[in-house]
Amino acid sequence: MNGAADTPELAVVRFFVNLSSEPGDLADRSGRWLNKRSQGEGSMALHLSADAPVSVAPQKYLFGPFIDFFMLGGSAFLILPVLYFVPLKYEGLVALTAFLLSHLINQPHFAHSYQIFYRNFARKVRGDGYDRNLQLRYIFAGIFVPLIMCAFFAYGSVTGNARLLGYATNAMGFFVGWHYVKQGYGMLMVDAVLKRKFFSDQDKKVLLFNGYAVWLFAWLQTNAVITERQFWGLDYYTFAVPPWLLNIALAVAAASSAATVVMFVNRWRKHGGALPYNGVVAYVVTLYAWILFVTINPLWLLVVPALHSLQYLAVVWRYQTNVERDRADAARDPGLKVLSILGPLYRLRVLIFIVAGTILGALGFWLVPMALTALVPYDKQVLGSSLFLFIAWIFINVHHYFLDNVMWRRSNPEVSKYLFR
């Protein structure tokens, strides 16, 4: 739709396709943690190399074989084909339903990153229990990044510089694709650790290179020609990528995809058909169904953000469940008899965490920006009628990237303690 202005909903969908967390560092972290556990506690010796014999220990899951398959990406095999064949007369109703469900699932996954990141934030700033590098990352992502973004949006709004603010949309479109790639890779690494089917350093390089190559080609495709678009009433422009550059990106993505297939086949043969299959599904679906080929069907654009969020929620909910189970009174019954149906107290606390995330998501994405739009005067002719929705949505998406890039690092002792158990 060159030269056409998107509605806010379509503009949101266009960029939510690329949203994400940063569990990409989980693999290295988890292997290190498991090794430490085996050495420090004198329990079963764990072979962490990719060439280690297949373990006979029971396989572990985040929640279970089917739930992991569904949440980590297998749901795409069930949902996307159905949406592709939806009759035209039902597309409007299906699109509305998918859009609402996407928000219901997508917004809490952003809120959960804030709940986890800023929990005991003063201790993180002091570096109490964190190494110096991680301490500085917490300070930068938790304090300086939001201050910089606030200053940027304040300057652009006060000066009425709509073109400057539009660049924020371009930045979001670029970085969130990166976010998707790292999350898909991270899910593969998480499942590999849980199944004790580790990838070698060389395999990881192949997987990461392929992820970035596929993402970059997909991003360049969206910038093949200069196009004027709108995001919450503010104009922004795509770029005109030279055809020769697009062709090179296509060749690199095709070659890296072929190399990845060869790597998977070789590992499958070498280890007797043993692969972390749920993780492989997560990786493949993320790169190809959710990034490269998502524009095949407009309904896919609507539902993919929800499927991406399910990936994230699988990790976050397992992490938070283990956090609550680690508390001294976790097994105690809730105080109110009506709540006893939930079982032990830790389950109630996890439910509260999820409900709080849902409320925070609604506040951050809708209620607070809408209130500010109604109360704060600004030039609506220049900056559109939804300035604060524009600011809030971009702020949360970009900041989410920085938060996750700190939280899920291998050096984070909390992740090592609570995710892989």
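The discussion below takes up helices, salt bridges and the surface in turn.

Modeller: This is a predicted model, in which local features need pLDDT of at least 70 and side-chain atom pairs count only at pLDDT 80 or more, while totals for chains, interfaces and linings use all residues. Residues are numbered from 1 along each chain as its sequence is written, and side-chain values use heavy atoms, with hydrogens and water left out.

Colleague: At which residue does H3 bend?

Modeller: Helices here are DSSP runs (H or I, at least four residues), numbered from the N terminus. The 20 residues of helix H3 (residues 65–84) should span 28 Å at 1.5 Å a residue, and the end C-alpha atoms are 27 Å apart, which agrees; the expected span is 1.5 Å times one less than the number of residues. A bend is the angle between axes fitted to the seven residues ending at a residue and the seven starting there. By that criterion, H3 bends by about 80° at Gly73.

Colleague: Which helices do the buried residues of H3 pack against?

Modeller: Buried means under 20% relative accessible area, exposed over 50%, and partly exposed in between (1.4 Å probe, protein chains only). The buried residues of H3 include Met71, Leu72, Gly73 and Leu80. With contact taken as heavy atoms within 4.5 Å, the buried residues of H3 pack against helix H4 (91–117), H7, helix H10 (277–292) and helix H11 (298–325).

Colleague: Is Asn170 buried or exposed, and which residues does Asn170 contact?

Modeller: Asn170 belongs to helix H7 (residues 162–195). Its relative accessible area is 14%, so Asn170 is buried. Leaving aside neighbours within four places in sequence, the contacts of Asn170 are Tyr236, Tyr237 and Phe239.

Colleague: How far apart are the closest N and O atoms of Lys195 and Asp191?

Modeller: A salt bridge is a side-chain nitrogen of Lys or Arg within 4 Å of a carboxyl oxygen of Asp or Glu, and the whole structure holds seven of them. Lys195 and Asp191 both lie in helix H7, four residues apart, about one turn of the helix. Lys195 counts as buried because its relative accessibility is 7%, and Asp191 counts as buried because its own is 1%. In their salt bridge, the closest N and O atoms are separated by 2.4 Å.

Colleague: Which residues are linked with Asp329 in a network of salt bridges?

Modeller: Asp329 forms a salt bridge with Arg332, with the closest N and O atoms 3.6 Å apart. Asp329 counts as partly exposed because its relative accessibility is 24%, and Arg332 counts as partly exposed at 46%. The network links Asp329 with Arg332 and Arg349.

Colleague: On which residue is the kink in H12 centred?

Modeller: H12 has 31 residues and reaches 42 Å from its first C-alpha to its last, close to the 45 Å expected at 1.5 Å a residue. Among the buried residues of H12 are Phe353, Gly357, Gly361 and Phe365. The kink in H12 is about 50° and is centred on Leu363.

Methods:
Helices (H or I, at least four residues) and strands (E, at least two) are DSSP runs, numbered from the N terminus.
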